[in-house]
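This report examines selected parts of one structure, from whole domains down to single residues. Please keep the sequence and the model in view while reading.

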Amino acid sequence: MLPSTFLKTSIALLAAGTLALAQDEIPVGEFASLTGGSASFGQSSHKGTALAIDEINAGGGVLGKKLKLIFEDDQSLAGQPATIVRKLISQDKVVAVLGEVASSKSLEAAPICQQNKVPMISPASTNPKVTEVGDYIFRVCFIDPFQGTVMSKFALSKGWKKVAILTDVKQDYSVGLAEFFVKHFNANGGQVVKEQKYSTGDKDFKAQLTSIKVTKPDAIFIPGYYAEVSLIARQAKLLGIKVPLLGGDGWVGDSLLKVAGTALDGSFFSCHFSADDKSPSTQGFVDKYKAKYGAVPDDMAALGYDSAMILAAAIKTAGTTEGDKLRVAIGATKAHKGITGTITLDEKRNAQKPAVILGIGNGAFQFVETVAP
Amino acid sequence: MDKWPKSILIAVLLGCLIGSPFVFQINPYYYDILLGIGISIILAASLNLVNGYTGQFSLGHAGFMGIGAYASSWVTLSYGYCLGANTTSTTTVFLLALLGGGLMAGIAGLMVGVPSLRLKGDYLAIVTLAFNEIIKGVIQNAEPLGAQRGLGGMVQHTNFFWTFGFAALTVYVVVHLVNSTYGRGFLAVRDDEIAAEAMGINTTKYKVLAFVLGAFFAGIAGGLYAHFKQFIHPEGFNFLRSVDIVVMVILGGMGNTAGVCFAAVLLTILPEFLRSVSHYTWLPLWLQQIAENRMILYSLLLIVLMLTRPQGLFGGLGMPRRRKDVEK
């Protein structure tokens, strides 16, 4: 019967999968979503990571061995990361795991890495809970609260002393950013004149915006996601609000400017990386990325690149790929010159690094400045 | 032939007992797949009671699974039993949590079963689908359950023994129920509701019972899943997950427990099998590249199977007992 033959073959092939790896290669695991809901993030970060691994190998590899990137697609499905990471660790014997962009996927993989004592570096999971799972879990991006502080610093440097806040109460991310913005802003001579709220999926923000308008703020901080922010910007313009809007990396999305049109001109938001940054290392990365993939790299690609580079540097310092020593070496990363800024990992395994401020003008993003932590 | 499920059940339970000390030695990846198979069997066999035997098209099975997963995790997390200790008391808490998850899901099954009894076919499918989304929506907004962030921190307590023990129990209950004098009512409701009613069968009761029992076992499966992955997220219990389970039931053959269990095994192994094929460097490159697009291949296989065997893999073959009934 066909099915039983198939089963036998599949079992035989599965067993054959445990072929020993060549001794001159260091296996490094990576998981990301190439398909499904968050595919655009996953594809970018995977391209960035693969570019970094190629570059390391072209430069002779580490410890005299080449890195072998073993990649798995988690299809943006819950339940997949745990299986994949178990596969990477037990079958491919990876020395470390790189991934994922979405915090919920990283949170699923993290306990498995922790229990198996295999270091995991997340390129772009900004939720603080991710690295709280254990001492083998790291990240190369800044965490949500940091962006709040950055935007507060930026507003103060622009001389905006009165700021109103519009928070998405349904998102941990938004609430976190607002909380740290208020803390820093009020402590440094600013005044938060009004705090208003909305929920993910809302379409009408005129009530909140009207009550903000009467307080005559210098700027409005909206730490939400692009879908709502673009609508808020349009409605603010209709109501005659002309002050700049401020936000975080949740603004980055294809439809932001498509929906908002010119309503966001003069606004600013923080993010991880800008391809317009004129520094030679950034431009070098952008050129290499363009040559290989024919597209301009985004935040996720740059973070994926940095995560692989930090791992390679740590393997070099540790002189071994043994889990515990590698963990210590990654944790000791100091002033690593990355594409997304100079990265230092703190005792909570989070990256201390500058954020990039982008401005919006004539319907396009423009690099403004970097703000150090 | 009456006794076959019982002997199979005993065989599987014995197998689990004998096997459980050894499975710790196998590769954790295969172990992961193995437990995934067990959980799929529970889900598919329990949905088969609703969709296959009772003929009610439910598209919300993952919702019940989610209720079980969150309820049982809530119990074990709030009990806060110590890490890794495999003592009798932690096992008791775990089993109570599973039972609690199952009961909560069963209650939810009752809630969706009673008001939607007047609906049939597509309409019922839409109601159950909506219910699935409601459950997901409630969890996404429930801060104590982690909301959109997901819930983690559970200890891995699901093992080979419990997973396959519950899988065997589910199969046993479903098959025995349907094959009992009482359970013939399920089949009657499926085959001709009006005729069944005319014969004095309380169709309402049977439909609700099918929903509640199906949901109960889905809840158990959810509890096992939560304590095996150690992290759950509302998106893991969405509509797509429900469709996965429905596919298992249809592919295996509606109302054929053996076929449905086989489909659950097949559909759990297949994606992982294709995953490993794409990494075999000794295979020709073009074969690897085909396997890389494994989800397309997987879907193609489903289409081919459905075209060649529209009644399901085992559909029409039937259990020996049922064929005899027809011959009579």
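## A helix and its buried side

A residue is buried if 20 or more other C-beta atoms lie within 10 Å of its own, these atoms being placed from the backbone. The model considered here is predicted. In helix H6 of chain A, the buried residues are A:Tyr173, A:Ser174, A:Gly176, A:Leu177, A:Ala178, A:Phe180, A:Phe181 and A:Phe185.

The length of H6(A) can be checked by simple reasoning. The helix has 16 residues (172-187), and at 1.5 Å a residue it should span 22 Å; the end C-alpha atoms are 23 Å apart, so the two values agree. After H6(A) comes A:Gly189, which has a positive phi near 90 degrees.

## Domains and the nonpolar core

Chain A is divided into domain 1 (22-142 + 280-353) and domain 2 (145-271). The C-alpha centres of these two domains of chain A lie 32 Å apart.

The largest nonpolar core has 200 residues, of which A:Ala96, A:Met120, A:Leu311 and B:Ala44 touch the most other members. Helix H9 (residues 203-229) of chain B supplies the largest share of this core, 16 residues. Domain 1 and domain 2 of chain A each contribute at least three residues to this core. Setting aside neighbours within four places in sequence, A:Leu311 is in contact with A:Val28, A:Ala96, A:Leu98, A:Ile121 and A:Ile330.

## A buried serine in a loop

A:Ser125 is found in the loop between strand E4 (120-122) and strand E5 (137-139) of chain A. Is A:Ser125 buried or exposed? A:Ser125 counts as buried because it has 26 C-beta neighbours inside 10 Å, and the cut-off for a buried residue is 20 or more.

Apart from neighbours within four places in sequence, the contacts of A:Ser125 are A:Glu100, A:Val101, A:Ala102, A:Ser103, A:Ser106, A:Val130 and A:Arg139. A:Ser125 and A:Asp306 are 181 residues apart along the chain, and their C-alpha atoms are separated by 14 Å.

## Strands and their pairing

Strands of a sheet pair through backbone hydrogen bonds, either parallel or antiparallel. In chain A, an open sheet of three strands has the order E11-E12-E13, with antiparallel pairing. Its edge strands are E11 (336-338) and E13 (351-352) of chain A, each of which pairs on one side only. Two bridges join strand E12 (residues 341-345) of chain A to E13(A), and A:Thr344 stands opposite A:Gln352 in E13(A).

Strands E14 (residues 355-361) and E15 (residues 364-371) of chain A also run antiparallel, joined by seven bridges. Across this pair, A:Ile357 stands opposite A:Glu369 in E15(A). The hairpin of E14(A) and E15(A) has two residues between the strands, and A:Asn362 takes a positive phi near 50 degrees there.

## Where the chains meet

How many residues of chain A are in contact with chain B? There are 21 residues of chain A in contact with 18 residues of chain B. On the side of chain A that touches chain B, the elements giving two or more residues are helices H1 (2-16), H3 (80-90) and H4 (103-116) of chain A. The largest share of this side, five residues, comes from H3(A). By class, the side of chain A that touches chain B has six nonpolar, 10 polar and five charged residues.

Terms used: Residues numbered from 1 in each chain as written. Chains lettered and ligands numbered in written order. Predicted model: local features only at pLDDT ≥ 70, side-chain atom pairs only at ≥ 80, totals over all residues. Pairing = 2+ DSSP bridges. Helix = DSSP H or I, 4+ residues; strand = E, 2+ residues; numbered from the N terminus. Contact = placed C-beta atoms within 7 Å. Nonpolar A, V, L, I, M, F, W, Y, C, P; charged D, E, K, R; others polar. Buried ≥ 20, exposed ≤ 12 C-beta atoms within 10 Å, placed from the backbone. Core = buried A, V, L, I, M, F, W, Y, C linked by C-beta atoms within 7 Å. Domains from an automatic or database assignment. Expected span 1.5 Å × (residues − 1).
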